[in-house]
Amino acid sequence: MRLTVPFACLSSLILATLASATIPTKRGPTSPQHVNFWKLEARARASEASRSVKASPLVLQDSTTGFTLEPPDTPQHGPDYSKFPEQFFDQPVDHTDLSQGTFKQRYWINTRHYVPGSGGPVIVLDGGETSGGDRLPFLDTGIVEILTNATGGVGVVLEHRYYGTSIPVPDFSTDNLRWLNNEQATADSANFMSHVKFEGIDEDLTSPQTPWIYYGGSYAGARAAHMKILYPELVFGAIASSGRCLLHSAVHTLSVIPGVTHATLSNWEYYEVIRKAADPTCSAHIENAITTIDFLLQLPYLKGIVKALFGLQALEHDDDFASVLEGPLDAWQSKVWDPAVGSTRFDEFCETLGKPIGGATHVAALPIGHEDRLLTLWDDQKIDFSVLNYAEWIRENQVQPCLKYNMTVEECFGTYNDTKYTDTSISEDWRLWQFQVCTEWGYFSTAPPDPDYPRIVSKLLTMDYATKICRQAYPAGKYFTVPELPNITAVNVMGDFAIAADRLAIIDGEVDPWRPCTPHSEYANDREDTILQPFKLIPGAVHHYDEYGLRNVNDEPPEIQQIHREMIEQSELAKIQTNIVIQKLAEKFPSYAFETRFHETEGDKNQSKALFLLGGKALWTRGLEELLANKQVDMLVHSFKDVPTELPGEFKIGAILEREEYVDSLVVKAGSPYKMLEDLPAGSRIGTSSVRRAAQVKNYLRNHHKELDMVFKDVRGNLNTRLKKLDATGEDDAFDALILAKAGLWTCLAERAMLRTLEGGCSVPVGVNTKLTHVVEGDERLRSGELKLESGVLEITGCVTSLDGGRQFVKTIGERVTSTDEAEALGKRLGETLLDSGAREILEEIKVDRTTRAREAEESKTS
């Protein structure tokens, strides 16, 4: 059946289907039309607010408009975020000229999982290009909650300068926006991390003495990556999700990365990702519609008819008309795996395109171009019925909201009246991200550079059209002039597609339209996903999917659970130790089944900072203790040397494995001619994470090989990670040898008592060793095994060495013990003996040294 319908009938059909509608709400590439969309949405939300109808408190990242309502104050309107009261930090308006004064930068903190005295970490989420209040869901149930729950740290949302209420100027004129740039924004974050004092927390959690993890999604993802590159001494870990870290001057472009780390002028590939990833039928409908419309706009006698079909006959310029048609495509970026916050707008648009006309369902299954799908537009000009459906969607969802406010379509969607963009009042916050786009970031919305390339946007969307908003909105000021084209080099110099650093995680979505601007772009070199440099692509994901989370993570989709778990890498040594315990338990209790759950601790995560500076064994056990306390597991298996010497009262040590060899091993590169420590040449770089090992080796060399001056470097990570570092060839990362424990050391209660007395652990140069000789005494029943009472001679040796290896105190005591109490008493007595013999002075010096190093690091930042 051929669908031949005269245009007059199509118009009647159009008028009959008008209904209330909304506007796109995601920030995609930029153009003058996106500013118009912002203005319409601002009217819509203001109208809703005036009727006291609150919007959803979660505004999807990168809103096209930037116009958002503050989070609701009361639970009946959504989640109650009053538990995160806003706080403020004084920032310089200009970090290079303090005479410009200061402003209040807003932030929020989550301390529900914080463990006082643990030394952090602090998880900071960069607010990016919107109000920081829009990020509170991530503080409550999203990525910040997930990471703080796993680490016992403090969560922070830090609002970006100029956004929300963190506004340093009275208006948004060109001159007053001159401090809105990457350099000032990163300096804000560094200053905050170095000097903030959290309300309600007595201890100092500033960086670098406390580990900070910087998270960001999209533009904020790029900032997370840049913070790791610019301030490595402050940011030991960063997660860039869908990060825009890259840009280049050719045509194409997190966190938390996805970090969009590459800046670009023309961002035409944004729509190319959508074209390839969308349902093939939908993509075919859009391609055909755009090609048809571009052709018809070239015919003067049909141009007006085509615009009228879309309800835009009064829109003067053809490129304005073409740019309105972009609206539904931006909804792709609003897809989220969580239906409570995600948008189905794009899918609804696709469904509309394939809707049969007049109930002819069989026609929709025919291939595009089939004569039975065609409608007569005028004379012999025919269009596919999907073009009519496209027009219906635009009328209902973009034109109708305009008419509702008694505005003409030219007033709503025209972009050639410069006066529309000259208001510089604070309420015009579309000027913020647009200014960043015009000065440093780019991402202008254009058609593919090849006119014959398949496309889902009009060829009328040129660079000239997209960039004219920069000239219209930002006339030259007295102190600042917007460049003719953005200085994208300022962004790409940070690393572009190749941006990388240890403890910088790059996470992107497989079908994120921003992926061409990230290190997962097809223009970027392939790279490995490693523990030190995670490089992850979430299957089927769109924009910074990992940032969202549920209160119960088990309710998340498998791929989201996986990426959240992969943020917590597992230690191979822990698995081996646990398997040994399971094997012994199975031998003892063959009728029992044992299930294992591996959980990474904060000490496993923080592999970029020396243990000496971090301090605190709770880094290695905190998450495990919470699992046991909450009865999520029945027992814990952990390296005894890392267990805190003071356990919570409800816990007890149930068993200790027989200690294996306690000696240390020197590990050299494969093929190295050196076999012994003294064989290594002077200046060799020795890697170890233990200050005790380093100090003892220095003492050995000083006494026996004074000519050998070794360089000791901190090396962190699990066994495989450390061996990879040994194999590395880079000048900065190379080691000539490593010193590792030959076997995991499982110290006894006496050792722990000695360490507790000395306040020692992995972060101070204290060593201990025990030898227990068992003795069985008693009558025949004891000797026959019917009864068994064990005692033994416990010999314990402890040593304390100065950091420079110049002084060392070694003491050994031994006696027969018959109980754990006696063993602990023996260890305590050894610790007191060492303190009295001179070790106390060394330990006090170490405390002073740690404080001095932290202060020097602080002074180096401010100098």
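I take a residue as buried at under 20% relative accessible area, as exposed at over 50% and as partly exposed in between, with a 1.4 Å probe and protein chains only. By that rule, buried residues make up 56% of the 863 residues in the chain.

**Entry 1. Basis of the notes**

I note that this is a predicted model, in which local features need pLDDT of at least 70, side-chain atom pairs count only at pLDDT 80 or more, and totals for chains, interfaces and linings use all residues. Residues are numbered from 1 along each chain as its sequence is written, and side-chain values use heavy atoms, with hydrogens and water left out.

**Entry 2. The chain as a whole**

I looked up the accessible surface, which comes to about 36500 Å²; carbon and sulfur atoms hold 52% of that surface. Accessible areas come from the Shrake-Rupley method with a 1.4 Å probe, and for residues only the protein chains shown count as cover.

I then looked up the secondary structure and recorded 27 helices and 20 strands. Helices (H or I, at least four residues) and strands (E, at least two) are DSSP runs, numbered from the N terminus.

How many residues of strand β12 are buried? I found six of the six, residues 504-509, so the strand is largely enclosed by the rest of the structure. Leu504, Ile506 and Asp508 point one way from β12, while Ala505, Ile507 and Gly509 point the other way.

I next looked up the partners of β12, where two strands pair if DSSP finds at least two bridges between them. Strand β6 (residues 237-241) pairs with β12 in the parallel sense over four bridges, and Ala240 stands opposite Ile506. Strand β13 (residues 535-538) also pairs with β12 in the parallel sense, over four bridges. Here Asp508 has Leu537 of β13 as its bridge partner.

**Entry 3. Disulfides**

I counted three disulfides in the structure, a disulfide being a pair of cysteine sulfur atoms within 2.5 Å. Counting bonded cysteines along the chain, I read the pattern as 1-2, 3-4, 5-6.

Cys282 and Cys350 form one of these links, with sulfur atoms 2.0 Å apart. Cys282 lies in helix α8 (residues 280-296) and Cys350 in helix α11 (residues 345-353), so the pair ties together parts that are 68 residues apart in sequence. The torsion about the S-S bond is about -70°, so this disulfide is left-handed. Both Cys282 and Cys350 are buried.

Cys402 and Cys412 form another disulfide, their sulfur atoms 2.1 Å apart. This pair links helix α13 (residues 385-404), which holds Cys402, to helix α14 (residues 409-413), which holds Cys412, and the two cysteines are 10 residues apart. With 95° about the S-S bond, the link is right-handed. I found Cys402 and Cys412 both buried.

Cys438 is joined to Cys470 at an S to S distance of 2.0 Å. Cys438 belongs to helix α15 (residues 430-441) and Cys470 to helix α16, 32 residues apart. The torsion is about -80°, so the disulfide of Cys438 and Cys470 is left-handed.

**Entry 4. Helix α16**

Since Cys470 lies in α16, I looked up that helix as well. Eight of the 11 residues of α16 (residues 463-473) are buried, so the helix is largely enclosed by the rest of the structure. The buried residues include Tyr465, Lys468, Cys470 and Gln472.

**Entry 5. Aromatic rings**

Rings of Phe, Tyr and Trp (its six-membered ring) pair if their centres lie within 6.5 Å; planes under 30 degrees apart count as stacked, over 60 as edge-to-face and the rest as tilted. By this rule I recorded 27 aromatic pairs.

Why is the pair of Phe198 and Trp212 stacked? The ring centres are 6.2 Å apart and the planes stand at 25°, so the pair counts as stacked. Phe198 lies in the loop between α5 (182-195) and β5 (212-217) and Trp212 in strand β5, so the pair ties together parts 14 residues apart in sequence. Phe198 is buried, with a relative accessible area of 2%, and Trp212 is buried, with 0%.

I also noted one aromatic cluster, formed by Tyr219, Tyr270, Tyr271, Trp433, Trp441, Tyr443 and Trp514.

**Entry 6. Charges over rings**

A charge sits over a ring if NZ of Lys or CZ of Arg is within 6 Å of the ring centre and within 35 degrees of the ring normal. I found Lys335 over the face of Trp332, at 5.0 Å from the ring centre. The charged end of Lys713 sits over the ring of Phe735, 5.1 Å from its centre.
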